[in-house]
Structures are given as C-alpha cells and as structure tokens.
Amino acid sequence: MRKLFLRFYLTVVVCFLASGLLIGVFYKQMLERINRQYLNDVFQSTIIIVENELGALPQSLWHDEITRLRSKLPVPVNIEAVEAYQLGPALQQSLMNGETLYLPKRNIYIHRIPDTQLAIELGPVAFLARLDSVSWPDIIGLILMSAALGIPTWLWLRPFWRDLLALTRQSRALGRGDFSARTELEESSPLEPLSGTMNRMAQDIEELSSGRQAMIDAISHDVRTPLARLRYRLEAVKAGAPVDGFIAGAERDLAHMDQLVEEWLTLRTLERPEMRPEAQPFEALPWLARQLDELAVTGDAIEFVNASGSDEPWLWADRYYLGRALGNLVNNARRYGGGRVRVTFAWQDGNAALHVDDDGPGIPVDARERLLKPFERLEGSRNRSTGGHGLGLAITAMIMQGHGGALTVGDSDLGGARMSLSWPSPLTAED
C-alpha cells in the first residue's frame with residue numbers, strides 16, 4: 001500500500017507542480033505585459049513633468065529641484081551623466097535618439113534630457129523586482145498545497161487497495177485449485193468489472209473442471225462395462241462356449257463403445273468457438289416427413305402436428321444438426337416414454353419450434369436444467385438401465401445454441417415430458 005500511495009501521490013504532486021508552473025509562467029508574462037505598459041505610461045508622464053520643471057531652471061539648480069520633486073513623484077528620480085551607464089552601441093544610440101530605456105539588472109528607467117549629456121533616472125521599482133523573484137510565502141504555499149493533495153489521494157487509494165487485495169487473494173486461491181473462490185465488490189468500485197470478469201472466469205473453470213471429472217467418471221463407467229463383458233465372453237469362448245453368441249454380444253458391446261465415442265467427439269466439435277451451424281432455407285414439411293419416416297423404421301409411427309399456420313412453411317437452419325437434435329429427442333421419448341411420441345411444428349413471431357412429447361413419467365422440475373449438461377442422467381424411471389450415455393441432451397442444447405435458440409424441458413399434455421427446440425427463423429425461403 002505504501003509503495004502504491006507514494007507512486008500515485010508523487011505523480012499527482014509532480015503533475016500539479018508542473019501545471020502550476022506553466023500556469024504561473026503564462027500568468028506572469030501576461031501580468032508583466034500589462035504592468036510594463038502601465039509603468040511605461042507612468043514613467044513617460046513622470047519624465048514629462050520632470051523635463052517641464054527643469055526646463056525653466058539653469059542646470060546648476062537641477063539637482064536641488066530633483067531633490068524637491070522626489071517627495072511628489074510616484075517613483076524615485078535622479079539625474080546622472082549618460083556616461084555613467086555602461087550601454088552597448090545600439091542602446092547608446094537609442095538613448096541619444098530620445099528613447100526611454102529599461103535596464104533590468106538595475107531595475108531602472110533612463111531618458112536623456114534633450115540637448116544635454118544628462119539622463120533622468122527613474123527607479124529602482126520594488127514592484128518589478130518582486131515579479132521576478134519567488135518569496136518564502138510562495139514556497140510555503142506550494143508545500144502546503146502539495147501536502148494537502150495527500151489526503152484525497154489516500155482516501156481514494158485506500159478502498160482501491162482493499163479491493164485489489166481481495167482480487168489478489170482470489171487469484172491466489174484459483175492458482176491453488178480452489179475454483180469456488182469468489183470476490184464481491186461494491187458497484188461503485190473501479191475494480192468491480194474486473195471482479196465480475198474473474199468471478200465468471202472462476203465459474204467457467206469450476207464448471208469445466210467438474211464437467212471434465214464427470215466426463216472421466218462417466219466414460220470410465222460406460223467403457224468399463226462393455227470391456228468387462230467382452231472379457232467375460234472371451235473367457236467363456238476359451239472354455240468352450242459357442243462362438244456365435246460371443247460374436248453377437250461382442251458386436252453389441254463394440255457398438256455401445258462406438259456410440260459413446262461418436263457422441264463424445266460430436267460434443268467436443270460443437271464446443272469449439274469456431275464451430276457454427278450453416279443455416280440454409282428448406283421446405284419444412286417434406287424434410288420433417290423424411291426425418292420421422294427414418295426414425296419410425298426402428299419403432300412405432302410418430303405422430304406429427306403442423307401448428308405453424310402455413311401449408312408450405314420454410315425453415316432456416318442447418319438440416320444436418322437440426323436432424324441430429326430432433327433424432328436425439330425422439331429417441332429419448334421412445335426410450336423413456338410409454339410408447340406414444342408426438343412431434344409438433346410451430347411458428348410464432350419469427351421463432352420456429354419443434355416440440356417432442358411423450359407419455360412417460362416426465363422429468364422433475366429441479367432436474368431439467370441439470371439434464372442439459374454432459375453425462376447427466378436421472379435415477380428412477382429415466383435411469384441408466386434404459387441405456388444412453390447422458391450426452392444426447394447436451395449435444396442437442398449446444399446445437400440449438402449454435403442456431404441462436406435453446407432447448408427447453410416442460411410438461412406434455414400426454415402426461416410425460418415435452419422437449420422443445422426453438423430458434424429464430426422466417427417462415428419463408430426469403431431471409
């Protein structure tokens with residue numbers, strides 16, 4: 001704190017003194033210009049008075065007359081010989097030509113009396129001397145003003161330093177691996193935006209760390225199970241069990257691991273910042289009919305409802321990824337539902353939506369947001385025994401984020417869950 005205060009304080013003081021010096025120089029020059037003009041007028045008037053008074057007297061009485069006039073004139077007056085002043089050729093010529101000269105070293109004005117070798121000397125003027133000097137009161141005033149700047153500097157730096165220490169403690173905690181560390185600063189603090197950024201960063205790191213640990217645990221579990229079955233079947237074949245049964249079981253286990261790897265790679269691809277779906281216009285109803293026909297090959301027919309209000313609607317989306325998202329929802333509805341699946345296409349206020357309803361047990365409200373994260377699955381009716389790796393909904397949610405939309409979970413009028421894909425899209429081929 002001491003170093004920060006001294007650096008900031010010295011910077012303020014130096015800037016203050018520099019600006020004060022510049023302003024003082026400017027003010028001094030302006031004031032000197034005004035004063036010089038005023039004094040020139042006063043001196044010219046004084047010279048005229050002196051010349052008029054001396055003009056009627058012989059030179060032998062001039063010194064006595066000057067002595068008498070000193071008490072009546074605003075500035076000291078004297079008479080000296082021109083030779084008494086050490087002037088250069090140019091100044092000597094100016095003086096002989098009748099000009100009034102100012103000699104700054106002696107702080108006096110001189111003017112030659114016409115037709116003589118004598119000069120009227122005015123000064124020295126104490127006021128002019130004070131303009132070119134710095135007095136002790138001026139120095140003391142500058143010191144007091146510089147010291148006074150330390151009070152607002154301290155008052156401003158103290159909360160700043162306190163907030164900086166809080167951010168330092170948070171960064172050290174993050175460095176030690178404590179990603180739950182957070183810093184709450186007042187909104188008036190100049191470091192509040194930095195605190196918010198660090199808190200968001202810590203939140204992202206914490207979620208990434210927990211997600212990675214969940215991914216490791218889930219992959220370990222989902223890979224270990226089929227590997228254990230493969231080893232068991234291999235030992236059984238070695239012991240004389242039929243090979244046909246081993247082959248069929250091995251194919252199922254390999255397909256299970258292959259599906260896990262494929263979903264995981266898809267998730268990692270969608271997480272890349274540069275990965276963005278390529279939206280293009282296409283006819284919605286023919287595309288949906290093909291998607292539902294392909295999904296119905298492995299199960300019962302899927303109900304479809306066109307609630308868009310158009311007989312020939314168009315959509316803007318990436319057909320591959322949108323089909324992948326719709327397929328994930330339909331497969332989940334079949335896996336966890338009671339057998340009935342309905343897909344509804346709707347459009348309102350520039351947003352398209354695909355709703356997938358099932359007649360299963362539904363999803364608890366407190367688990368809906370959690371299920372959109374990777375490797376998250378429900379216990380009970382929608383549990384691990386029904387299959388799946390907990391990646392389908394996470395992949396679907398990321399696909400919709402890439403479309404500028406969202407995946408939401410709600411209740412279906414069929415009694416089960418409603419999964420809704422929504423994203424901005426016009427209802428025509430024209431963008």
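1. A nonpolar core is taken here as a set of buried Ala, Val, Leu, Ile, Met, Phe, Trp, Tyr and Cys residues joined through side-chain atoms within 4.5 Å. The model under discussion is predicted. Its largest nonpolar core has 37 residues, and the members that touch the most others are Leu 322, Val 330, Phe 345, Val 356, Leu 407, Leu 421 and Trp 423.

2. Helix α10 gives the largest share, seven residues. Another core, of nine residues, lies apart from this one; Val 82, Leu 87, Leu 95 and Ile 110 are among its members. In soluble globular proteins, nonpolar side chains tend to be buried together.

3. Trp 423 deserves a separate entry. Leaving aside residues up to four places away in sequence, Trp 423 touches Leu 315, Trp 316, Ala 317, Leu 322, Gly 350, Asn 351, Ala 352, Ala 353, Leu 354, Met 400, His 403 and Gly 405.

4. On the packing of α9 against α10: the two axes come within 11 Å and cross at roughly 45°, and the helices are therefore oblique to each other. The crossing in which α9 passes α10 is right-handed. From α9, the residues at the contact are Trp 287, Leu 288, Gln 291 and Leu 295; from α10, they are Arg 319, Leu 322, Gly 323, Leu 326, Gly 327, Val 330, Asn 331 and Arg 334.

5. Gln 291, a residue of helix α9, has 17% relative accessibility and so counts as buried. Not counting residues up to four places away in sequence, Gln 291 touches Gly 323 and Leu 326. Its C-alpha atom is separated by 9.6 Å from that of Arg 324, which is 33 residues apart from Gln 291 along the chain.

6. The count of aromatic pairs is two. In one, the ring centres of Phe 282 and Trp 287 are 5.3 Å apart and the planes are at 55°, so the pair is tilted. Phe 282 and Trp 287 are both buried.

7. The other pair is formed by Tyr 320 and Tyr 321, whose ring centres are 5.0 Å apart with planes at 75°, so this pair is edge-to-face. Tyr 320, at 54% relative accessibility, counts as exposed, whereas Tyr 321, at 13%, counts as buried.

Conventions
Residues are numbered from 1 along each chain as its sequence is written. This is a predicted model: local features need pLDDT of at least 70, side-chain atom pairs count only at pLDDT 80 or more; totals for chains, interfaces and linings use all residues. Side-chain values use heavy atoms; hydrogens and water are left out. Rings of Phe, Tyr and Trp (its six-membered ring) pair if their centres lie within 6.5 Å; planes under 30 degrees apart count as stacked, over 60 as edge-to-face and the rest as tilted. Buried means under 20% relative accessible area, exposed over 50%, partly exposed in between (1.4 Å probe, protein chains only). Helices (H or I, at least four residues) and strands (E, at least two) are DSSP runs, numbered from the N terminus. Contact means heavy atoms within 4.5 Å. Axes are lines fitted to C-alpha atoms, for helices over the stretch in contact, and angles run from 0 to 180 degrees between N-to-C directions. Angles under 35 degrees count as roughly parallel, over 145 as roughly antiparallel, 65 to 115 as roughly perpendicular and the rest as oblique. A crossing is left-handed if the near helix is turned anticlockwise from the far one by less than a right angle, and right-handed if clockwise.
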